[in-house]
Amino acid sequence: MIPFIDLVAQQRRIRPQLEAAFLRILDHGAYIMGPEIYALEAQLSSFCGTSHTLSCSNGTDALALVLMAKNIGPGDAVFVPSFTFAATAEVVAWMGAEVVFVDVLETTFNMDPLSLEKGIQAAKKKGLLPKGVIPVDLFGQPADYDALHAIAEKHNLWIMADAAQSFGGTYKGKKVGALAESTTTSFFPAKPLGCYGDGGAVFTENHDLLKIMESLRIHGQGEDQDKYKNIRVGMNGRMDTIQAAILLEKLTIFPEEILLRQKIADRYSEALQEVAETPFVRDECQSAWAQYTLKVDPLKRKEIMEGLQQEGIPSVIYYPLPLHHQQAYSSYSWATETLPISESLSKTVLSLPLHPYLDPETQDHIIKTFCDVSTRVRAKKVA
Ligand SMILES: Cc1ncc(COP(=O)(O)O)c(C=O)c1O
């Protein structure tokens, strides 16, 4: 079976540098908040052109750190797309605030500005206080930030971009990380830039927000960085030094890897457009291609996946159920809302293996098998 994401080839490429980095950490012994943490934060800021980067424990805690810093709580409404990974919504629920689910666009899978506007009106009618929006850059493509900012400004809302899947992407020539007041990302191993465990970061231009998050990240410590003096209720949100060292090495080859991902995505799209609906990326965006996600006939999806599987090709459904239909949110006011695009996408999407080290022969095998299986399955329908 072809691995869905293959991290072995990448590790082989940078193994000597990783080993040298591990030895440096064994020598200096600063396993927590070591020098690699601060070096990584500086490198990430310069990579995406933002003033401040705060590394942290994972992409979920990155989202939570911003919400905590902003004192989000009961009675507040935060707007989240329904077609995303659980983390985007659950952090809002942690704060005791209302998760308001918003639909996405059929083309890009990202937050629909019109549905956001509707959600804001509905939240106000329910007596909630709209506070912020968390657009997700699904599968690697940045959301339409200009359109979303226009709505946010009108209603005096902040935007926190959930860029867990899009770090390395761009929107109108600007890098992800510099597209909103705050941006969060994940360095989970399977992400475009991944470490060898859990990791995450927040990017921001807002110095005050940064200072609060620095404190929250270490149990709400005070200005003198004494974690035994707690000036606010915080958390343990630190990234391990060893993960920062891994990311520093991976960052050196990351721009090239994004180009390699793009090349494979282009090849797939050219070859598969006759048999499936291939991903749509807006002209002003560069996707980080965290996933290559097609749309297929919902009645044939299972058969296509089985056909691929028989030829040793894994495929994955991101996401089989929109969040507003998940049991976890069944008691929320927005659970009964109809969000038709999120609901239909969960029945039609299918992601294929894509990573920078997928060799041309394997790409050919995936393309040929997908075309054969789709044609066979479609022919059956006619018969
Ligand atoms: C859209 C989105 N947000 C947040 C997260 C959470 O990141 P982490 O797994 O690092 O907590 C993920 C991870 O898959 C994600 O895809």
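This is a predicted model: local features need pLDDT of at least 70, side-chain atom pairs count only at pLDDT 80 or more; totals for chains, interfaces and linings use all residues.

Residues are numbered from 1 along each chain as its sequence is written, and side-chain values use heavy atoms, with hydrogens and water left out.

Reader: What radius of gyration does the chain have, and why does it agree with a compact globule?
Author: The radius is taken over C-alpha atoms, and the globule rule is 2.2 Å times the number of residues to the power 0.38. Because the chain has 383 residues, a compact globule would have a radius near 21 Å, and the value for the chain agrees, being 21 Å.

Reader: Which percentage of the residues of the chain count as buried?
Author: A residue is called buried under 20% relative accessible area, exposed over 50% and partly exposed in between, with a 1.4 Å probe and protein chains only. Of the 383 residues of the chain, the share that counts as buried is 58%.

Reader: What share of the contacts with a separation of 6 or more comes from residues 24 or more positions apart?
Author: A contact means heavy atoms within 4.5 Å. Among contacts in the chain with a separation of 6 or more, residues 24 or more positions apart account for 71%.

Reader: How many helices and strands does the chain have?
Author: Both are DSSP runs numbered from the N terminus, helices being H or I with at least four residues and strands being E with at least two. Counted in this way, the chain has eleven helices and twelve strands.

Reader: Which residues of strand 2 are buried on each side?
Author: Strand 2, residues 76–81, is mostly covered, with six of its six residues buried. In a regular strand the side chains alternate between the two faces of the sheet. Both faces of strand 2 are covered, with Asp76, Val78 and Val80 buried on one side and, on the other, Ala77, Phe79 and Pro81.

Reader: In strand 3, which residue is the bridge partner of Ala77?
Author: Two strands pair if DSSP finds at least two bridges between them. Strand 2 is joined in parallel to strand 4 (residues 129–133) by four bridges, and Asp76 has Leu129 as its bridge partner there. With strand 3 (residues 98–102), strand 2 pairs in the parallel sense over five bridges, and the partner of Ala77 in strand 3 is Glu98.
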